[in-house]
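Welcome! Take a moment to look over the sequence and the model, and then let us walk through a few places together.

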Amino acid sequence: MLDIFLKTLPFFALIGLGWFAGQIRFFTAEATAWLTKFVFYFALSAMLFKFSANLKLAELFDLNFVLAYLSGSGAVWLITFAVAKARKLPTALAAMESHTAMTGNTGFLGVPMLVVLLGPAAVGPVLMVLSCDLIVFSSIITIIITAARHGRVSVAPIAMGLLKNPMIVSMGAGLIWASLKLPMPGPLEEFVTLLGAAATPGALFAIGASLAGKSAEKPAPAIWLSFGKLFLHPLAIAITSLMIFNVDPYAAGVMIAAAALPVAGNVYILAQHFGVAPQRVSAAILVSTAVSILTVPAVIHWVQM
C-alpha cells in the first residue's frame with residue numbers, strides 16, 4: 001500500500017503545485033484556461049493518438065467490458081438520481097448530480113497515471129472507459145437537460161459536440177491509422193511523442209491550478225457526490241465486471257481504478273454551460289480530488305493484489 005501511495009504521490013504533487021501557483025495568483029485563471037486548452041487540444045490529443053494508433057480494435061473494444069462499465073456506471077447514475085429526486089430537486093439538477101457522481105477525470109488524470117502505474121496494457125481499457133464517458137454519458141446528460149428545459153431534443157448539436165471533441169477525434173484517427181496498418185514515420189512518431197510528453201505534467205498542473213478558483217460551498221451535497229464518485233462508482237464497477245460479466249481480471253482492475261478517479265473537470269464546464277449547479281459541481285471536484293490522494297492508491301493496491 002505504501003509503495004503504491006509513493007508512486008501516485010508525484011502525480012498528486014503536480015496537482016498540488018498547480019493549486020499553489022493558482023492560489024498565490026502566480027498562475028492566473030486566464031493562464032490556467034490557456035494551459036488547459038493547450039493540453040486538451042494538442043498534448044493530450046497527441047498522446048491519445050499515439051496510444052490508439054498502436055492498438056488493435058479488438059484490444060480496445062470488448063463487449064463484456066463495455067456492458068460492465070455501462071451497467072455499473074448506470075447503476076450509480078440511477079442511485080444518485082433517485083436520491084436527488086427524493087430531495088425534490090428538479091430533473092436537470094438531479095441529472096447533473098448523477099453525471100457528477102460517475103464521471104471521473106479519466107482524460108487528464110487517468111490516462112497518464114494509470115498507464116504508468118498499471119502498465120502499457122492499461123491503455124486499451126482506459127481508452128474504452130474514456131470513450132464510454134465521452135460518447136454515452138455526456139450525450140445522456142445533454143439530452144436530459146435539453147429535454148427538461150425545452151421539451152424536445154435535437155440530435156445535430158450532440159453529434160457536432162462529439163465530432164468537435166479533440167479526445168474523440170484523436171482516438172478515432174489513431175484507430176483508423178491502426179486499422180489501415182499504416183507505418184508510423186519516424187518524424188511523426190517523434191513529434192507525437194514529444195508533444196504527448198507534455199500532457200502529463202501539463203494536465204496535472206492545470207487540474208491543480210483550476211482547483212484554486214473553486215469553492216467548497218454547500219459541503220453536504222459535495223461530500224455525497226464525492227462519496228458516490230470515490231466509493232460507490234468503483235464498488236459498482238467491481239460488482240459488474242468481476243461478478244456479473246466476468247471481465248478479464250486485469251482489464252477489470254483497470255476499469256475499477258478508473259472508476260475510483262475524482263470528479264472530472266469537464267463536468268464543471270458542462271454545468272457552467274447549462275447553468276446547472278456549477279458551484280455544487282465545483283465543490284465536488286475540490287472535495288473528491290483532495291480525498292482521492294488516499295483513496296486512489298488504496299484502490300490501485302487492491303486491484304493489483
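## A nonpolar patch on the surface

Helix α12, which covers residues 219–244, gives the most to the nonpolar patch, with five residues. Please keep in mind throughout that this is a predicted model. The patch is formed by Leu 235, Ile 239, Leu 242, Met 243, Ile 244, Trp 302 and Met 305, and together they have about 780 Å² of accessible area on the surface. Leu 235 is found in helix α12.

The structure holds three salt bridges. One of them pairs the side chains of Asp 3 and Lys 7, at 3.6 Å from N to O. These two are four residues apart in helix α1 (residues 2–23), so about one helical turn separates them. Asp 3 is partly exposed, with a relative accessible area of 47%, and Lys 7 is also partly exposed, at 43%.

A salt bridge links Glu 97 to Arg 87, with the closest N and O atoms 2.9 Å apart. Because Glu 97 lies in helix α5 (residues 91–102) and Arg 87 in the loop between α4 and α5, this pair ties together parts that are 10 residues apart in sequence. Arg 87 is partly exposed, with a relative accessible area of 35%, whereas Glu 97 is buried, at 1%.

Glu 97 also meets the side chain of Arg 280 in a salt bridge, at 2.8 Å from N to O. Arg 280 sits in helix α15 (residues 278–304) and Glu 97 in helix α5, so here the parts tied together are 183 residues apart in sequence. Arg 280 counts as buried, at 12% relative accessibility. Through shared partners, salt bridges join Arg 87, Glu 97 and Arg 280 into one network.

## Around helix α4

Thr 80 lies in helix α4, residues 63–86. Its relative accessibility is 1%, so Thr 80 counts as buried. Leaving aside neighbours within four places in sequence, Thr 80 is in contact with Glu 97, Ser 98, Ala 101, Trp 224 and Leu 225.

Val 83 is in helix α4 too, and counts as partly exposed at 30% relative accessibility. The C-alpha atoms of Val 83 and Glu 97 are separated by 9.6 Å, with the two residues 14 apart along the chain.

## Helix α9 and its ends

Asn 165 caps the N-terminal end of α9, where a side-chain oxygen lies 2.9 Å from the backbone nitrogen of Met 167. Just after α9, Lys 181 takes a positive phi of about 55 degrees.

Notes
Residues numbered from 1 in each chain as written. Predicted model: local features only at pLDDT ≥ 70, side-chain atom pairs only at ≥ 80, totals over all residues. Heavy atoms only, no water. Polar contact = N/O pair within 3.5 Å; in protein donor to acceptor, adjacent residues only side chain to side chain. Patch = residues over 30% accessible without salt bridge, like charges linked within 9 Å, V, L, I, M, F, W, Y side chains within 5 Å. Areas by Shrake-Rupley, 256 points an atom, 1.4 Å probe, with all protein chains shown as cover. Salt bridge = Lys/Arg side-chain N within 4 Å of Asp/Glu carboxyl O. Buried < 20%, exposed > 50% of the residue type's maximum accessible area, 1.4 Å probe, protein only. Contact = heavy atoms within 4.5 Å.
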